[in-house]
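Biologist: Please put the model up, and then let us go through it together.

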Amino acid sequence: MTAALKLTRLRRLEQFNARLEELGIALPIDPEIEAAGPLAAPLEIADRRVGNRFCALPMEGWDATRDGRPTELVRRRWRRFGESGAKLIWGGEAYAIEPKGRANPNQLAFNPESEGDLAELRGALVAAHEARCGDSSDLLIGLQLTHSGRFSRPYGTPAPRTAFRDPVLDERVGIDSDAALLSDAELDELIGGYPTVARLARNAGFAFVDIKACHGYLGHELLSARERPGPYGGDLAGRSRFLLRAIQAVRDEAPELAIGVRLSIFDLGPFRGGEDGVGQAEPTTQRPFGSGVGGGLGGGAGGGAGEVDLCETHALVVALREAGVTLLCTTAGSPYYNPHTQRPAFYPPSDGYEMPEDPLVGVARQLHATAEVKRRHPELCVVGSAYSYLQEWLPHVAQAVVRQGKADLIGLGRMMLSYPELPRDVLAGRPLQRSLICRTFSDCTSAPRNGLVSGCYPLDAFYKRRPEASSLAEAKRRTRGAEL
Ligand SMILES: Cc1cc2nc3c(=O)[nH]c(=O)nc-3n(C[C@H](O)[C@H](O)[C@H](O)COP(=O)(O)O)c2cc1C
Ligand code: SF4
């Protein structure tokens, strides 16, 4: 293990570069930020002009009503996405195509009021954008459609529905029989949920939908269903059939919508804290989508973990293009079984493990894999993720990535919670507001893991003042106590 070093200690570019060298990784980085430079350049997506290269990634808040409708907390988050100045809004947040497919009881989900709710959320975001940024004609907004599959928890306790048996992950969600397995007929039926919600999204004014295939949820897990017999498993054609059929169903129902896919382009399999609390790869018989042994992108952190292998990823991206997908948002792994892969952080979430690597390694892994996808599929609009850990260096790396064509847009996740105005500050040539920079404390993940609404409790004054802040502090103390 390479001990992580606090990024705030690397204040000069030479120090940052020296650290990268020490870790044996490279990141594109521009020494100076040009306000009117690459990040401010508009681009064409799906016949629409998108005004700059910042994208608000989907960020759910575990804060909808129990019947899947937005609350004031949801509306506030969407308004802040609008105020950020980012011109691409990737999905807003996960929207379950059916209530049983929610990852938690407070996730937005299809319900009789969906169309009006979606129009209202989108309208609030656009109004906030116009109030801060003026023009919204170059703002592109999509909705993320999901089914949580193995990680479904619609009524507060695990209610997993899986693509296949997996001894390691089954144990984590309490599966001990085949009852949780989705049949082919059930998958056929679930596909029908995507066009239903897509139609409502179209009616509500969304420009695209994301058929989510990442983070261990159903659309992603199916991509690893190597041993599953029948039409939805086996070779890549079988494993991607669900995703491709859902895309086709949406295109048939709402041809005006552009189609995006948020894809975990690689995975390193499940991790668990060892005796010292540091994450270790768990021995598993499964080979997740986008992983191999001895691939070229340095995935192996923690001993025995899979390596990044993009061969199948490239083949899938070709199939997605042929199916009419024009936007790809790259991400990796899963927040449930390898959070350090998915959202590199200095501080682990309360149910996580100590980082098995310097989080910069995790950032570099996603960035390089994304660059490789963009290089091989230049015609596709590619949005990268996992930039928040870069903190003060984020704009420098982001600008270099876009300038060098390693991604078209820079996705911001956690930074959107702590410091949504970052894009506006960067594009206006203003210095960053240091007190708002996400330091990856992981409270926005720990809160929902403890049954509380998500938010940036450490840095967003609004959440600091909420009663949940002390419940979260107490829950974190309990977890630390249990570890001693
Ligand atoms: C609180 C929280 C909520 C999230 N919600 C979603 C979501 O609804 N859909 C999704 O695809 N990813 C979700 N993510 C993942 C982020 O979009 C993003 O991939 C991740 O945080 C890494 O990007 P970052 O380094 O900019 O934070 C969430 C992450 C966090 C921390
Ligand atoms: S709680 Fe705030 S500072 Fe911590 S990871 Fe989330 S957004 Fe970043």
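Modeller: To begin with the shell around ligand 2, H14 gives the most to it, with three residues. A residue counts as near a molecule if its C-beta atom, placed from the backbone, lies within 6 Å of it, and helices are DSSP runs of H or I with at least four residues, numbered from the N terminus. This is a predicted model, in which local features need pLDDT of at least 70 and side-chain atom pairs count only at pLDDT 80 or more, while totals for chains, interfaces and linings use all residues. Residues are numbered from 1 along each chain as its sequence is written, and chains are lettered from A and ligands numbered from 1 in the order in which they are written.

Biologist: Which residues come nearest to ligand 2?

Modeller: They are Cys438, Phe441, Asp443, Cys444 and Cys456, out of 14 residues around ligand 2. H14 and H16 each supply at least two residues of that shell, and by class the shell has eight nonpolar, three polar and three charged residues. Here Ala, Val, Leu, Ile, Met, Phe, Trp, Tyr, Cys and Pro count as nonpolar, Asp, Glu, Lys and Arg as charged, and the others, Gly among them, as polar.

Biologist: And ligand 1, how many residues surround that one?

Modeller: There are 23 residues around ligand 1, and the closest are Pro58, Glu60, Ser388, Gly413 and Arg414. The elements that give two or more residues to this shell are helix H14 (414-418) and helix H16 (443-449). The shell around ligand 1 divides into 11 nonpolar, seven polar and five charged residues.

Biologist: Changing topic, at what angle do the axes of H6 and H9 cross?

Modeller: The axes of H6 (residues 193-203) and H9 (residues 241-253) cross at roughly 40° and come within 8 Å. Axes are lines fitted to C-alpha atoms, for helices over the stretch in contact, and angles run from 0 to 180 degrees between N-to-C directions. H6 and H9 are therefore oblique to each other, given that angles under 35 degrees count as roughly parallel, over 145 as roughly antiparallel, 65 to 115 as roughly perpendicular and the rest as oblique.

Biologist: Which residues make that contact?

Modeller: From H6 they are Tyr194, Pro195, Ala198 and Arg199, and from H9 they are Ala246, Ala249, Val250, Asp252 and Glu253. By class, this contact has six nonpolar, no polar and three charged residues.

Biologist: Which residues of H3 meet H6?

Modeller: Ser114, Glu115 and Leu118 in H3 meet Val197, Leu200, Ala201 and Asn203 in H6.

Terms used: Two residues are in contact if their C-beta atoms, placed from the backbone, lie within 7 Å.
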